[in-house]
Amino acid sequence: MTDDELIRLFEETSLDELSLEQIELLRQRAIQSPALRAALQAELQLDEVAHAALGRVEVRTDVIFAAAERSS
């Protein structure tokens, strides 16, 4: 599989859908391929930004308890 094919596979397939063989191939080729490393790094950076943006949910417990009491 070429680096371009591996990059396309990585970009188009969710991580839980990759086979162990595909993951191992990605790992091995990332050592040798700057283009594949860059694609992996870009995905990690995107994940970090998404987690940071989506992970900032601030809900006070008193608001949750008040809503629960109103619905009871």
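Helices are DSSP runs of H or I with at least four residues, numbered from the N terminus. By that criterion, Arg8 belongs to helix α1. The model described here is a predicted one.

## Overall architecture

The protein chain contains 4 helices and 0 strands. Read from the N terminus, its elements follow the order α-α-α-α. The radius of gyration of the protein chain is 20 Å, well over the 11 Å that the globule rule gives for 72 residues, so the chain is more spread out than a compact globule. The C-alpha trace extends about 60 × 20 × 15 Å along its principal axes.

Of the 72 residues in the protein chain, 15% are buried. As for charge, the protein chain carries 7 positive and 15 negative side chains. The centres of these two sets are 6 Å apart.

## The nonpolar core

Which residues make up the largest nonpolar core? This core has 9 residues in all: Leu6, Ile7, Leu9, Phe10, Leu18, Leu26, Ala30, Leu36 and Ala39. Helices α1 (3-12), α2 and α3 are the elements that give two or more residues to the core. The element that gives the most is α1, with 4 residues.

Arg8, in helix α1, has a relative accessible area of 42% and is therefore partly exposed, since this value falls between the 20% and 50% limits. The C-alpha atoms of Arg8 and Leu36 are 9.8 Å apart in space, while the two residues are 28 residues apart in sequence. Leu36 is itself one of the residues of the core.

## Loop residues and polar contacts

Thr13 is located in the loop between α1 and α2. With a relative accessible area of 18%, Thr13 is buried, because the cut-off for burial is under 20%. The side chain of Thr13 reaches the backbone oxygen of Leu9 at 2.9 Å, and Leu9 is a member of the largest nonpolar core.

Ser33 occupies the loop between α2 (20-32) and α3 (34-54). Its relative accessible area is 1%, so Ser33 is buried. The side chains of Ser33 and Asp3 are joined by a polar contact of 2.9 Å.

Gln32 lies in helix α2. At 57% relative accessibility, Gln32 counts as exposed. The side chain of Gln32 forms a polar contact of 2.5 Å with the side chain of Arg29.

## Separation along the chain and in space

Glu48 is part of helix α3 and counts as exposed at 56% relative accessibility. The table below lists C-alpha separations for pairs of residues.

| Residue pair | Separation in sequence | C-alpha to C-alpha distance |
|---|---|---|
| Arg8 and Leu36 | 28 residues | 9.8 Å |
| Gln32 and Glu58 | 26 residues | 43 Å |
| Glu48 and Ala68 | 20 residues | 33 Å |

The pair Gln32 and Glu58 is separated by 43 Å between C-alpha atoms, and the pair Glu48 and Ala68 by 33 Å.

Terms used: Residues are numbered from 1 along each chain as its sequence is written. This is a predicted model: local features need pLDDT of at least 70, side-chain atom pairs count only at pLDDT 80 or more; totals for chains, interfaces and linings use all residues. Side-chain values use heavy atoms; hydrogens and water are left out. The radius of gyration is taken over C-alpha atoms; the globule rule is 2.2 Å times the number of residues to the power 0.38. Buried means under 20% relative accessible area, exposed over 50%, partly exposed in between (1.4 Å probe, protein chains only). Lys and Arg count as positive and Asp and Glu as negative; His and the chain ends are not counted. The place of a charge is taken as NZ of Lys, CZ of Arg, CG of Asp or CD of Glu. A polar contact is a pair of N or O atoms within 3.5 Å; within protein, one must be able to donate a hydrogen and the other to accept it, and residues adjacent in sequence count only if both atoms are side-chain atoms. A nonpolar core is a set of buried Ala, Val, Leu, Ile, Met, Phe, Trp, Tyr and Cys residues joined through side-chain atoms within 4.5 Å.
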